[in-house]
Every structure is written in structure tokens, then in C-alpha cells.
Amino acid sequence: MNYFRQIYYEMKHQKMMTWVSISGTALAIFLVMAFVMVDQINSVEVAPESNRSRILIASGFHVKNQKGMDSSTSGLNLDIARRLYENLEGVEVLSYINAFNDNCDVNLPGQEIFTMAPKNVDNEFWKIYDFTFIDGRPFDEAEVKSDAKLVVLTKSAARSLFGEEKVAGREIEVDAYPYRVVGVVEDVNPLLSSSFANFYKLCNIAGIKNDDPYFGSANVVMLLKEGVSAESVKTQVENRYKMIQSEFSKEGYEAVYHGQPYTSEEVAIGGYGSNNGPDLDSHNVVQWIIYSILILLPAINLSSMTRGRLRHRVAEIGVRRAFGAKRNSIIRQILGENLIITFFGGMLGLLFSIIFVWLASNMFFSMSGALEQSLEVVNARPDLGMLFRWKNFFWALLFCFVLNVLSATVPAWRASKVEPAEALSFAR
Amino acid sequence: MAIITLKDVNKVYRTKEIETLALENVNLKIQKGEFVSIMGPSGCGKSTLLNIIGLLDVPTSGTITIMDDTTGKMNDSQLSSFRNRNIGFVFQSFHLIPSLNVAENVALPLAYRSGVSAKERHEKVAEVLTRLGLSHRMRHFPGQLSGGQCQRVAIARAIIGDPQIVLADEPTGNLDSKMGQEVMDILHQLNKEDGRTIVMVTHNESQARMTDRIVRFFDGRQVE
Ligand SMILES: Nc1ncnc2c1ncn2[C@@H]1O[C@H](COP(=O)(O)OP(=O)(O)O)[C@@H](O)[C@H]1O
Ligand SMILES: [Mg+2]
């Protein structure tokens, strides 16, 4: 309580110095939180990817010539995909997606043509992602078996084509073939790249391109059972790699395992499509180095601010010591008071960083070229709900705490060390 | 019985250029319940003496015994709680904490004493402020009070922890004579009614003559 009093007093009587401290803290937290949020956007759990932590994705395959230098990574061949990923223990749902996802021309017969980004999915897909259906329903198993020409539209695709949303049962043309709409779903934020599309086209696995013995266009998405670790699934997949290796060896090739299937974080930091897997550990090390620098540098500056503010309070500290305050209660008090300033500045900084990341999202998030040319609704901007997260709040609190300890401990310790008599002789 | 005993106390201040002998071979006994005035010209070491008695500073050599405790071997934390329990301070410039209101300033010594509940603290604050005629000023801030009121708040703070010893360094130095007389009356009351031992530095002969004993200093030495 008295801590707040003190800060209120300082705000009134040492305006300049207090506000410099607050803005310095705000700036520090702003910077570090912008970095945190841009990095964390790939693990935010929002619909339709509410189960992100339980979703694993496999899409690439790396084959190496055992003799020569020849080494290549490309999309997964369907047969290999099935041998590697079907019937794994701990997997609740497995879905195949045709990664051959070029933009399509979509229109009503004889009307304006829109360029839209499709996703070619089966019936299982809808069990992994929690889409919100505004109208109709997802594909069912029988429809997928019979390879029916069906689509699920997003709300904005439906609006562009029909001018309305409830269009289940209506007919459209996709690349000049007739399709029927079975459902309409809420739009998906394009940053949720494994579920985003303008519309979803029914895909029977027979339609997945396999023009090569090793490579193809199969993507595998799986939802793990509650409580199953990604590691346990990866271990099983690694063993399956060993099993197919014997066939590959006969032909002088090696199937190189890179830790598939990948979590959303691993997918986000890339590495698929190259001959190396994603290295989450070194990514995290780099992130933490950045965070440390972004906290350490302002802490040094803020520490001189804290010292400046304390200079006005030497006599007060002397009085407290005279009446029985121990050194560590002085230190505790100064840290406590400073924490209020840090939190205040920190929350301002967090707010700014959310607004900034949201407004300047095109600086941080990019869409693949194809998506950029698709429907005008595509905009790589996170929803505010993806940024206003408890997690971000807790990160900011943590950074505030560290910033406070770093910037106030030394000044507080010094202030507590002044002999009471000497402190008291300081004229105010 | 002596409550404060100084034996062969020397205090030397060393700065880069000069060495000041602020106290030279001071031997002083103050009896329990005594009201002692310290007098002497400016710079003769009066404040230094009070700081050393109050355990705010350590002598360069010599020993200080307060209430049978030799203080020389106490560590910082022990000194702090000893001050908290046994010594109250009144300063010339009041030294109230500007960000705290009257009640909070007065409560300060109890805030640093373990085992005092918030309720007890409030009751004690009300009690001492009533005694000093300031109960209606509890929520005021030091900046809103006159000098005399400030010094009364400071006295309330000095006695709230019920210390046996009160040390006052020129307590009326910043006050006009009427307010100064008020403060002197209060100090005498603390001495007579509560039996507290009071050591006061003053430049005022007539104030000093009202006390039990006058100790005079000149150039760091006790001359009387
Ligand atoms: N912290 C200090 N450093 C150096 N010299 C000091 C210090 N405090 C007091 N002195 C010197 O010690 C002497 C006694 O000072 P002080 O006790 O304050 O005198 P008084 O209170 O009698 O006016 C003076 O010469 C003063 O300049
Ligand atoms: Mg003095």
C-alpha cells in the first residue's frame, strides 16, 4: 500500500525521472514482447487450430544417394506416407491432404471468376480442426470414398460468389468443373497456415499425385490422443524409417530421418523442404539471446534512473534506518516500489506491442506468393484474439520481474549500505 | 544507575585532504530518567556524539554501553532492532517522510518491529497522536503542516515504540519561540511522566537550564 503511495508521490514530485523510468520500461517490454509474440504466433491455439499442441504434420521426404552427393527433399509419396504414418500408437485421427494446392478459378456458371486458395482434404480433416460451420456440414466418409465433387466454402468465399452465406446445396464451378457446396465455415486467419484456405475441396487419396517412386504430394496431419507426447510418435516414425531403409539400401539410397512428424512450432521455423529438419533447440537459443539482450540493455539504463530517483531519498532511507529498518528491508522496499513502476510501464509496453504487431503485421508475417494473389480477403494479420493471450501477459510479467531485479537490485543495495548518520546528514 | 555509558570515545572523520577529530576522549555517564542538555559552539561534535549514542554511527575507538549492552560487537541487523526497541530520535529538520501521511510516519517504528499487528499499530498511532493533540491531522501529509506540528508528529514517531531513550538534536532549532516552548513542554512531559531518558542538543541557555544537567563541549572535548 505504502509502495503505491511512494510511487504516486514520485510521479507528482519527480515527474521527469519517474516518467523516463516508466517509458524506458515500456519501451523495453514493447520490444521484447513484439519478438515474443511474433515467435509465439505459431503456437497460439485458436479455432480452428485449438488443438495445435496435439497436431503433428508430415509433408516432406529426404532421399540421399549413398555413394554420391545426390540428395533431395520433396513432397511425400502416398505409399511411403502410409507406411510411415498410418496406425501409429497414440494417434487419434489421421488425415491426408493433397499438397498440390495451386490457386483455382472459382465462379458461378457464367459469372465473374475469383482466384481462390483451395485445400484438398478428406473427411478426417474436419475432426482435427474445429471449424465453425455457419451452414451445412463437412464431407463424410462415403463421399470421400466415392470421390464426389464437393466443396466447403469459407464465409467470405461464399459472400464473394453468392453475396450470401447460407449456400449449402448450391452449385459452383472450380477450374470449370461443376462442384456442389456442402457447407460454409467461418473464415480462418491466414497465419493458421495448416487450416487456412478460401475453400476446401474434397480429396480422395487416389487423387494424390505420385509420379515418382519416392516423392509425391501427400501431406499427413495427425491429432494425438490427449496426453500423448510428440516424442513418442516421433520415436515410432523413426523406427519405421529404419524398416523401409532396407529396401532403399538395395537401390543404393538412404531415407534420411529429420524428426518428422513436426509440431506447429517446428513447421513454423521451417526446415521442411530443405535437406535439414527444423532445429527447435537452436531456434530457441537464438530467441533467448535476443530476449536477454533486449532486457539487459534497458536494464542498464533503467538502473541509472533508479539510482537518480533514490538520490532524492537518502535522508528518508536514513530515517527508516534510524527507526529500525534493516538493510534488507530497505532493499525489499526499493525493489517493491520499483516493481510497481516496472509493471505499470510493462503493461503499457505490452499494450503497445500488441497494437504494433497487429498494425505492422506485414513486417513480420508473410504469405506464400500464391496466397497473396488469391481472394482479396487474404491478409496476413493476426486477429487481436491471437495477441491478447494470457500467455503473453505472463511473459510480460516475467520480463518485468527480471527487468526490475536487474535494474533495481544494485541501486537498492547501494542505498541500503549508506551509514544512517551519513544518510541523515543529507539535506533534502 | 547509568543507562548510557561512553568510555574513551574518539571519533575521527577522514576525508582525502583532512582529518577531523570530532570527538576526543569522551567519557560520559547518563543516568536512567535523566534529562541532559548538550551545549557547545557549532562544529564541536554535538551531533556526532548524539549519532554515536543513537548507534547511527560507530566511534573510531572507545566503547558505548546502553542498558547494559555493549554495542560494539553488534552487527548491522542487531543494531537496527536495538534502535527500534530502545531509542527514539527527534531531529532539527523533523525528517518526516514526505510521501507518507501523519499516521504512516508515526507508525514507522512499529512497521519495522516484528509481531505488531496492523490493528495494534492503528490503536497505538491514535493513542500517541491524541496525546500530542494531533489526532485530527492523521490523514494530512507533512507538507500540509506547520513546523510545530511537524515536530510534534516527529515526537509521536519517536515515542510510539515506547523507547527508554529519546535523542533530540536541536529539536527547536527550526521553530519560533512559542512553538519551541511547546516542544520543550512535551519533552519534559516525556521525561517526568514516562520516565524516559532524554539527551538533547540545544543552543538555548534557558532551555538547557530547565534540564537536569548540562554537558558542554568545545572542539570535540567535554569541558564541563
Ligand atoms: N561525515 C562527516 N565527514 C567529515 N567531517 C564531519 C562529518 N560529520 C561531521 N564532521 C565534522 O566533525 C565536526 C563535528 O561535527 P558535528 O558533530 O556535526 O558538530 P555540531 O553538531 O556540534 O555542530 C565538524 O568539524 C564537522 O565538520
Ligand atoms: Mg549538529
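The questions and answers below set values from this predicted model against the rules behind the words.

Q: Why is the meeting of Arg327(A) and Asp76(B) called a salt bridge?
A: The rule asks for a side-chain nitrogen of Lys or Arg within 4 Å of a carboxyl oxygen of Asp or Glu. The side chains of Arg327(A) and Asp76(B) meet at 3.6 Å, N to O, and 3.6 Å is within 4 Å, so the pair counts as a salt bridge. Across the interface of chain B and chain A, the rule finds two salt bridges.

Q: What makes the approach of Ser47(B) to ligand 1 a polar contact?
A: A polar side-chain atom of Ser47(B) lies 2.8 Å from an oxygen atom of ligand 1, and because the cut-off for a pair of N or O atoms is 3.5 Å, this pair qualifies. By that cut-off a backbone N or O atom of Gly43(B), at 2.7 Å from an oxygen atom of ligand 1, qualifies too, as does a polar backbone atom of Lys46(B), at 2.9 Å.

Q: How do you know how much of ligand 1 the protein covers?
A: On its own, ligand 1 has 560 Å² of accessible area, and the protein covers 63% of that.

Q: What makes up the shell around ligand 1, by class?
A: The shell has three nonpolar, six polar and one charged residues, and Gly43(B) and Gly45(B), which are among the residues around ligand 1, count as polar because the rule places Gly in that class. The largest share of the shell, three residues, comes from α1(B).

Definitions and conventions. Residues are numbered from 1 along each chain as its sequence is written. Chains are lettered from A and ligands numbered from 1 in the order in which they are written. This is a predicted model: local features need pLDDT of at least 70, side-chain atom pairs count only at pLDDT 80 or more; totals for chains, interfaces and linings use all residues. Side-chain values use heavy atoms; hydrogens and water are left out. A residue is near a molecule or strand if one of its heavy atoms lies within 4 Å of it. A polar contact is a pair of N or O atoms within 3.5 Å; within protein, one must be able to donate a hydrogen and the other to accept it, and residues adjacent in sequence count only if both atoms are side-chain atoms. Accessible areas come from the Shrake-Rupley method with a 1.4 Å probe; for residues, only the protein chains shown count as cover. Helices (H or I, at least four residues) and strands (E, at least two) are DSSP runs, numbered from the N terminus.
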